[in-house]
Amino acid sequence: MPNYINISVVHLKNPEELDRALRIRKQVFHVEQGYSMEIELDGQDDTAQHWVATCDKINEDGTIEHNFDIGVVRLIPKEEGVAKLGRLAVLPCGRGLSIGKKLVDAFIAYCKENGFHTIVLHSQYPRRGFYEKCGFSAKEGQDQVFEEAGTPHIKMWLHP
Ligand SMILES: CC(C)(COP(=O)(O)OP(=O)(O)OC[C@H]1O[C@@H](n2cnc3c(N)ncnc32)[C@H](O)[C@@H]1OP(=O)(O)O)[C@@H](O)C(=O)NCCC(=O)NCCS
């Protein structure tokens, strides 16, 4: 099995780099999870901020692929001081290596430094345990499961 080392999270500042994020999202949300590309490309990417987790991939034959992009997350600014976290995805080959957590930690650090007092997200219901481990929680009275893009979700918050 390949190894993934030197994992770092990069804030994409150049719009031309958006493809790096979209490649991973297409693979995870469209190919793996079956969401349509119309849902995946929701028209909000241009006004969003994007982060990519990248690493060195060491193949079984010893060759190394540098700058191997393996995860992604997106921030959409909402009303004053509120950031929406979305499109968090790690390629199947990189799961369980704390890459998702690293992406969320980078996102939270950015929010702290940039005046966002609230982070909100719509978690796919089976993923809520992951977000709980990252410090998010549902709010009493607003913890009902709802359908979004055809699958069950729950709203969660964190105040960084
Ligand atoms: C959800 C996802 C981003 C997690 O990424 P990951 O890199 O595998 O997660 P991490 O290794 O950083 O996990 C951090 C912790 O959360 C736990 N965790 C991961 N997925 C979990 C889940 N579905 N339920 C409960 N806990 C989970 C891990 O066990 C780990 O716990 P630990 O710190 O006690 O060891 C990844 O599984 C993924 O891309 N899934 C498909 C896309 C998706 O569903 N995105 C979310 C849409 S809302």
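Student: Hi! Which strands does H1 lie across?
Tutor: Hi there! In this predicted model, H1 lies across E1, E2, E3 and E4. Relative to E3, H1 runs at about 90°.

Student: OK, and what does H3 touch on the sheet?
Tutor: H3 packs on the sheet and touches E1, E2, E3, E4, E5 and E7. The direction of H3 makes about 45° with that of E3.

Student: In what order do the strands of that sheet come?
Tutor: The order is E1-E2-E3-E4-E5-E7-E6, in an open sheet of 7 strands with mixed pairing.

Student: Which ones are the edge strands?
Tutor: Those are E1 and E6 (146–148), and each of them pairs on one side only.

Student: How many bridges join E6 to E7?
Tutor: There are 3 bridges, and the two strands run antiparallel. As one example, Glu-147 has Pro-152 in E7 as its bridge partner.

Student: Switching topic: how many residues are in the largest nonpolar core?
Tutor: That core has 29 residues. Among those with the most contacts inside the core are Trp-51, Leu-85 and Phe-107.

Student: Leaving aside its neighbours within four places in sequence, what is Leu-85 in contact with?
Tutor: With that exclusion, Leu-85 is in contact with Val-73, Leu-75, Phe-107, Ile-119 and Leu-121.

Student: And the ligand? Which residues come nearest?
Tutor: Of the 18 residues around the ligand, the nearest are Arg-95, Gly-100, Lys-101, Gly-129 and Phe-130.

Student: How do the residues of that shell divide into nonpolar, polar and charged?
Tutor: The shell has 8 nonpolar, 6 polar and 4 charged residues. E4, H3, E5 and H4 (128–133) each supply at least two residues of the shell.

Methods:
Residues are numbered from 1 along each chain as its sequence is written. This is a predicted model: local features need pLDDT of at least 70, side-chain atom pairs count only at pLDDT 80 or more; totals for chains, interfaces and linings use all residues. A residue is near a molecule or strand if its C-beta atom, placed from the backbone, lies within 6 Å of it. Helices (H or I, at least four residues) and strands (E, at least two) are DSSP runs, numbered from the N terminus. Ala, Val, Leu, Ile, Met, Phe, Trp, Tyr, Cys and Pro count as nonpolar, Asp, Glu, Lys and Arg as charged, and the others, Gly among them, as polar. A nonpolar core is a set of buried Ala, Val, Leu, Ile, Met, Phe, Trp, Tyr and Cys residues joined through C-beta atoms within 7 Å. A residue is buried if 20 or more other C-beta atoms lie within 10 Å of its own, exposed if 12 or fewer, and partly exposed in between; C-beta atoms are placed from the backbone. Two residues are in contact if their C-beta atoms, placed from the backbone, lie within 7 Å. Two strands pair if DSSP finds at least two bridges between them. Axes are lines fitted to C-alpha atoms, for helices over the stretch in contact, and angles run from 0 to 180 degrees between N-to-C directions.
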